[in-house]
Amino acid sequence: MINLQIKQKFHQKIKSGVDLIDEKDINPAPEDGYARLTYNGDFVAIAYFSPQNKGIGWIISREDKDINQDFWVNLLSLAKEKRSTYFKSPLTTAFRVFNQDGDGFGGLTVDLYNEYALFSWYNPFILSQKKIIVEAFQSAYPEILGAYEKIRFKPSDYESAHLFGEKKEEKFTILENGINYSVFLNDGLMTGIFLDQHEVRDSLIEGLALGKDVLNTFSYTAAFSVAAAAGGSKSTVSVDLAKRSRELSTDNFEANGFDLEANKFVVMDIFEYFKYADRHDLKFDLIILDPPSFARNKKQTFSVAKDYHKLISDSLSILSENGTIIASTNAQNLSPAKFEEQIKKGFGPKKYKIKEKFSLPADFAVNIHDRQSNYLKVYIIEVLK
Ligand code: SAH
């Protein structure tokens, strides 16, 4: 392991508890691998360096220790203990069991889907540590039958692959709060469900959608619509641009025996759908807005940071009186304050009340010293007269 002298500013940042290392902390970026950081000759922390989508490395220990198999078994076991309530619930079989710096090691996440694990590697160095991490995982989780992996950095030869143990059929169902969702572990980077939204789905099941006509925009596999239907919605319409979403959404409704008459799917650009619904005088009691951070279609680009307000203002013309909007974004670069500005801009002179706010659930453990690690922002907004 190399020794690296660091500057005062970086030393302060490490002391504040932030783990993500930026380009401006240390320049030029050291070579990929572990490093012992020192300040004025004294030990400060162990880090590893490797460029990824955000940052150039991570602080992984403020104690001087060896990063060996025992270290990993210990880290993974601690993360497992933290989630003991999730393991006890017979109603939920898919959740996150290791979440980056929230569990003490940035650059890695592990999710469980029944008895299968899904590893995501966010930079080349963490991928190079695969063998030691997988062996430690198998010792902490002897009950897991097999695993798949996703490569979340570029360039890479592949995005998704089988990692170890038994292989799972292409599509299968997991349980979340008693509802079935159809998932797949080895087809691109997505799996059919965004596990970080489970508390929002819970709230739809537990009363938010009851008796309502629901519009689910950017619906992907219609997971929010399925939760709404489970929660007694009168009807749901799910809108997504991707043709494949129709089949995936149908799988999800059928997995729960829900009626496909009351739960419809439309393949359409959402901005086109807003116009269509307005022309046809359609009204919804609950509109869910959960776009990707960036999207490009044939004509235009959409970015949450600049354009979210348009989703709100377009929704208002097809929202029934006293309707509810679920405004959601996972954009890491957008602070809650900036998101609220977008919402405010979208409402214009119209009055509204933010009834509830969700961020990441407990299984998506965050680094409490680094606000950026809690990227999810979901607001339940009631429109007032
Ligand atoms: N809300 C979903 C996840 C959304 S993923 C959930 O919780 O499961 C983003 C989805 O937005 C993708 O399925 C993509 O096809 C869709 N999308 C992107 N741009 C779109 C547009 N302009 N109109 C409709 N859907 C769009």
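A residue counts as buried under 20% relative accessible area, as exposed over 50%, and as partly exposed in between. Glu169 has a relative accessible area of 46%, so it is partly exposed. The model is predicted.

Glu169 has a charged partner. Its side chain meets that of Lys168 in a salt bridge, at 3.5 Å from N to O. Lys168 is also partly exposed, at 22% relative accessibility.

## Other salt bridges

The whole structure holds 23 salt bridges. Side chains of opposite charge can pair when their charged atoms come close. Lys13 sits in helix α1 (residues 8-16) and Asp25 in the loop between β2 (20-21) and β3 (33-39), so the bridge ties together parts that are 12 residues apart in sequence. Both Lys13 and Asp25 are buried. The two also belong to a salt-bridge network that links Lys13, Asp22, Lys24 and Asp25.

Lys357 pairs with Glu340, and here the closest N and O atoms are 3.2 Å apart. Lys357 belongs to strand β20 (residues 352-358) and Glu340 to helix α11 (residues 336-347), so this pair ties together parts 17 residues apart in sequence. Lys357 is partly exposed, at 49% relative accessibility. Glu340 is partly exposed as well, at 28%.

## The ligand site

There are 13 residues around the ligand. Phe218, Asp240, Leu241, Ile270 and Asp290 come nearest. By class, the shell has 10 nonpolar residues, no polar ones and 3 charged ones.

The side chain of Asp240 places an N or O atom 2.6 Å from a ligand oxygen. Asp269 has a polar side-chain atom 3.2 Å from a ligand nitrogen. Ile270 uses its backbone: a polar atom there is 2.9 Å from a nitrogen atom of the ligand. On its own the ligand has 590 Å² of accessible area, and the protein covers 88% of that.

Helix α7 spans residues 223-230. Of its 8 residues, 7 are buried, so the helix is largely enclosed by the rest of the structure. The buried residues are Ala223, Phe224, Ser225, Val226, Ala227, Ala228 and Ala229.

Tyr220 is buried, at 14% relative accessibility.

## Other backbone features

Asp281 is another non-glycine residue with a positive phi, about 55°. Asp281 lies in the loop between α9 (270-279) and β16 (284-289). With 64% relative accessibility, Asp281 counts as exposed.

One joins Asn27 and Pro28, with omega about 0°. Pro28 is in the loop between β2 and β3. Another runs from Lys154 to Pro155, with omega near 0°. Pro155 is in the loop between β9 (146-151) and β10 (160-165).

## Annotated domain

UniProt, in an unreviewed entry, lists residues 4-62 as "domain: RlmI-like PUA". The span is 15% helix and 41% strand, and its end C-alpha atoms lie 14 Å apart.

Note on methods:
Residues are numbered from 1 along each chain as its sequence is written. This is a predicted model: local features need pLDDT of at least 70, side-chain atom pairs count only at pLDDT 80 or more; totals for chains, interfaces and linings use all residues. Side-chain values use heavy atoms; hydrogens and water are left out. A residue is near a molecule or strand if one of its heavy atoms lies within 4 Å of it. A polar contact is a pair of N or O atoms within 3.5 Å; within protein, one must be able to donate a hydrogen and the other to accept it, and residues adjacent in sequence count only if both atoms are side-chain atoms. Accessible areas come from the Shrake-Rupley method with a 1.4 Å probe; for residues, only the protein chains shown count as cover. Ala, Val, Leu, Ile, Met, Phe, Trp, Tyr, Cys and Pro count as nonpolar, Asp, Glu, Lys and Arg as charged, and the others, Gly among them, as polar. Buried means under 20% relative accessible area, exposed over 50%, partly exposed in between (1.4 Å probe, protein chains only). Helices (H or I, at least four residues) and strands (E, at least two) are DSSP runs, numbered from the N terminus. A salt bridge is a side-chain nitrogen of Lys or Arg within 4 Å of a carboxyl oxygen of Asp or Glu. UniProt positions are given in the numbering used here, feature names are shortened, and annotations may be inferred rather than shown by experiment.
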